[in-house]
Amino acid sequence: MSVPAELQYTPEHEWVSVEGHVATVGITDYAAQQLGDVVYVSLPAVGSAVTAGEPCGEVESVKSVSDLYSPVDGEVTEVNEDLDGDPALVNAEPYNTWMFRVRLDGDLPSDLLSPDQYDALTKSAG
Amino acid sequence: MTGFAGFWMPLRYSGETAEHNAVRRAAGLFDLSHMGEIILAGAEAAAALDYALVGELSAVTPGRARYTMICAEDGGVLDDLVVYRRSDREYLVIANAANTARVFAELTTRSGRYDCSVTDATSDYALIALQGPAAVQVLTPLTELDLATIKYYAGADGSVAGRPAWVSRTGYTGEDGFEVYCAPDDAPHVWNTLLAAGVPAGLVPAGLAARDTLRLEAGMPLYGNELGPDVTPFEANLGRVVKFGKPGDFVGRAALAERATTGPLHILTGLTIQSRRVPRHGYPVLADGRDVPAGYVTSGAPSPTLGVPIAMAYVVPDVVPTAVDIRGEAVPAIVTELPFYRRRH
């Protein structure tokens, strides 16, 4: 699978797109394939504070549940309401299905992964 | 793909929900070659199985099958089995993959004083299951067997796609369907021929994930979840498989007779969840007025057919569960009669 070149990534298999002071977050194709069919996404409340590396929601699939981590520090400004009615969007188009947006509090974490680094991570994981 | 009992198996081919729905509406094809096949043959094979298992296998007529269990002396379930009587003197025992070695060892020991041989034939058989309302339509042109004469829990020797096979009308999905036991070398041809023939009818290959949600909706127990050495058939609401009236003694009789009298220690209970959060194996089950859990979830999943999360749970007797503790949140649950799904055709 190809990893979009314009995004940044985390070891928890989230992607991050930054425009100005706003980060948009979703999960990667690799994550979606590992989870299987997603049936419910529990997202952080708009207005809540999130911390890089801390859980802020959950992704329920048929077979398992996984924590959703925030890749950045900041305040949640928006969540993707479409996921409530159609969580399968995560499997269908993981890189076009954002989950939440965060107004950044300070700088981006320095440990976000480049596309090449993330690609290498998933390949080493099999 | 996932590691499962020493086999590398597909968890899903495309997506488990689509595979699940295909089995309910048309048909699915499962590779179950990991399952164990053990053959008991000899003049006293029937008597040996009557002693070794809780069922009355001597009462099974050739060509028919039984769902049964092998228990320890203390009544704990060592495995649940499907046993085919292939002739007067030969039985084919199907064991769960993870338990095959144990079942083979126990059957060998328990049949020691009977005139019969016990053979682990697992590597001689591939197993392909064709499940769903379109199964008859798909299989009919590929076999000379008259499928109308093969009733539920029966089987016959014949061929599928030109290759020798034992074909039985059994399954683990709650749908009509067949299981095809053939030589491993013939399996790719049988699989590919069935799949190609079935595509117009809506047949899809289906993996372990769909198999699990299908059997859960059908209220069927899974060894390691609802069944294990710490429960007897009575906890699993399957006391009917224990045949106290059969001739002779059998392993576990005394303990099972006592459990039949005292009643099960836990009640296998169906739960429907009033939330989109999903109960999972091991989650505590709560009841009003109790400050300790009333039981625990044995299997749980979002039900593709019903559109809500469902679970089976072991609950202490005389308590009505009201909620499942889903990672710290008491999510309301409604007791639901098992099975959650029963086919209409």
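The domain assignment of chain B, in this predicted model, gives domain 1 (2-33 + 125-217), domain 2 (36-123) and domain 3 (266-336). Such bounds come from an automatic or database domain assignment. The centres of domain 2 and domain 3 of chain B, taken over C-alpha atoms, are 35 Å apart. Residues are numbered from 1 along each chain as its sequence is written, and chains are lettered from A and ligands numbered from 1 in the order in which they are written. Because the model is predicted, local features need pLDDT of at least 70 and side-chain atom pairs count only at pLDDT 80 or more, while totals for chains, interfaces and linings use all residues.

Chain B contains 7 helices and 19 strands. Helices (H or I, at least four residues) and strands (E, at least two) are DSSP runs, numbered from the N terminus. Along the principal axes, the C-alpha atoms of chain B fill a box of roughly 60 × 50 × 35 Å. Chain B has a radius of gyration of 20 Å, which agrees with the value near 20 Å for a compact globule of 345 residues. This radius is taken over C-alpha atoms, and the globule rule is 2.2 Å times the number of residues to the power 0.38.

Of the 345 residues of chain B, 48% count as buried. A residue is buried if 20 or more other C-beta atoms lie within 10 Å of its own, exposed if 12 or fewer, and partly exposed in between, with C-beta atoms placed from the backbone. Gly112(B) lies in the loop between α3 (100-110) and β8 (117-120) of chain B. Gly112(B) counts as exposed because it has 10 C-beta neighbours inside 10 Å. Its C-alpha atom is separated by 8.4 Å from that of Ala48(B), 64 residues apart along the chain.

The contact between the chains takes 13 residues from chain B and 9 residues from chain A. Two residues are in contact if their C-beta atoms, placed from the backbone, lie within 7 Å. On the side of chain B that touches chain A, α1 (16-25), α6 (208-217) and β16 (295-302) each give two or more residues.

In chain A, strands β2 (residues 14-19) and β3 (residues 22-27) pair in the antiparallel sense over 6 bridges. Strands pair if DSSP finds at least two bridges between them. Glu19(A) stands opposite Val22(A) in β3(A). The hairpin of β2(A) and β3(A) has 2 residues between the strands, and Gly20(A) takes a positive phi near 60 degrees there. Strand β3(A) also runs antiparallel to β9 (residues 100-104) of chain A, joined by 4 bridges. Here Thr24(A) has Arg101(A) in β9(A) as its bridge partner.
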